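This report is written for a reader who is meeting the structure for the first time. Please look over the sequence and the fold before reading on, and keep both at hand while the side-chain pairs are described.

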Amino acid sequence: MSRHRLVARLRRDRRAPSHARRVLARLTPTGCAVADTAALLLSEAVSNAVLHSDGADITVAVTREAGGTIVGAVFDTEPRMGPGARVTHLRQAEGAESDVCLESGRGLDLMDMLASSWGVSPVGGRGKWVWFQLEATCDWEAVPASNRRHGGQMSVASP
């Protein structure tokens, strides 16, 4: 199996997570639990970029490595993580009970629980990549032929 990668520039708006999931779907088979987990984590990373960065666009990169590992990454123009990025994690580290009523601040906790690894890679003062990696054991031959695209870039514009 070879490496496959798609990169898409998306308008930074409320529809961006849906568009990002469509990019991911072009590289992953349906019915694969790891693909579903990747869709959740990619949606979280894109939603954070939409909510906490400036700029008209964000960039989404999805890679399926040889061997099946899925790597998702989102670039936005905010060079730092927002102040509430780890609200639940920090509250627990301070000995406070987690607040089940919080409406946000759990996306990176999901990264901790579900991703094989994840991180934040600053790009000078221009922005950052938030990325995750998942080890996959899917039937990659099950990717629908209509979805197969062997690397490259695609432009997904929000209507």
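A polar contact of 3.3 Å links the side chain of Glu65 to that of Arg3, in a model that is predicted. The side chains of Arg3 and Glu65 also meet in a salt bridge, with a distance of 3.3 Å from N to O. Because Arg3 lies in the segment before strand 1 (4-11), whereas Glu65 lies in the loop between strand 2 (57-64) and strand 3, this pair ties together parts that are 62 residues apart in sequence. Glu65 is partly exposed, its relative accessible area being 25%.

**Salt bridges**

Side chains of opposite charge can pair when their charged atoms come close. How many salt bridges does a search of the whole structure find? The search finds three of them, and they are set out in the table below.

| Salt bridge | N to O distance |
|---|---|
| Arg3 and Glu65 | 3.3 Å |
| Asp13 and Arg15 | 3.0 Å |
| Lys128 and Asp76 | 2.9 Å |

In the salt bridge of Lys128 with Asp76, the side chains meet at 2.9 Å, N to O. Lys128 lies in strand 5 and Asp76 in strand 3, so that this pair ties together parts that are 52 residues apart in sequence. Are these two residues buried or exposed? Lys128 counts as buried because its relative accessibility is 5%, which is under the cut-off of 20%, and Asp76 likewise counts as buried at a relative accessibility of 5%.

In the salt bridge of Asp13 with Arg15, the closest N and O atoms are 3.0 Å apart. Asp13 counts as buried, with a relative accessibility of 14%, whereas Arg15 counts as partly exposed, with a relative accessibility of 30%.

**The aromatic pair**

A pair of aromatic rings is described by the distance of the centres and the angle of the planes. When the whole structure is searched, one aromatic pair is found. The rings belong to Phe75 and Trp129, and because their planes stand at 55 degrees, with the centres 5.4 Å apart, the pair is tilted. The reasoning rests on the limits for the angle, for planes under 30 degrees apart would count as stacked and planes over 60 as edge-to-face.

Where in the chain do Phe75 and Trp129 lie? Phe75 lies in strand 3 (residues 70-76) and Trp129 in strand 5 (residues 127-134), so the pair ties together parts that are 54 residues apart in sequence. Phe75 is buried, with 15% as its relative accessible area, whereas Trp129 is partly exposed, with a relative accessible area of 24%.

**Ser47 in helix 2**

Ser47 belongs to helix 2, which covers residues 33-52. The side chain of Ser47 reaches the backbone oxygen of Ser43 at a distance of 2.8 Å. Ser47 is partly exposed, and its relative accessible area is 27%. Along the chain Ser47 and Gly107 are 60 residues apart, while their C-alpha atoms are separated by 8.9 Å.

**Strands 3 and 5 together**

Two of the pairs described above can be read side by side. Phe75 in strand 3 pairs with Trp129 in strand 5, and Asp76 in strand 3 pairs with Lys128 in strand 5.

Conventions. Residues numbered from 1 in each chain as written. Predicted model: local features only at pLDDT ≥ 70, side-chain atom pairs only at ≥ 80, totals over all residues. Heavy atoms only, no water. Phe/Tyr/Trp six-rings, centres within 6.5 Å; stacked < 30°, edge-to-face > 60°. Helix = DSSP H or I, 4+ residues; strand = E, 2+ residues; numbered from the N terminus. Buried < 20%, exposed > 50% of the residue type's maximum accessible area, 1.4 Å probe, protein only. Polar contact = N/O pair within 3.5 Å; in protein donor to acceptor, adjacent residues only side chain to side chain. Salt bridge = Lys/Arg side-chain N within 4 Å of Asp/Glu carboxyl O.
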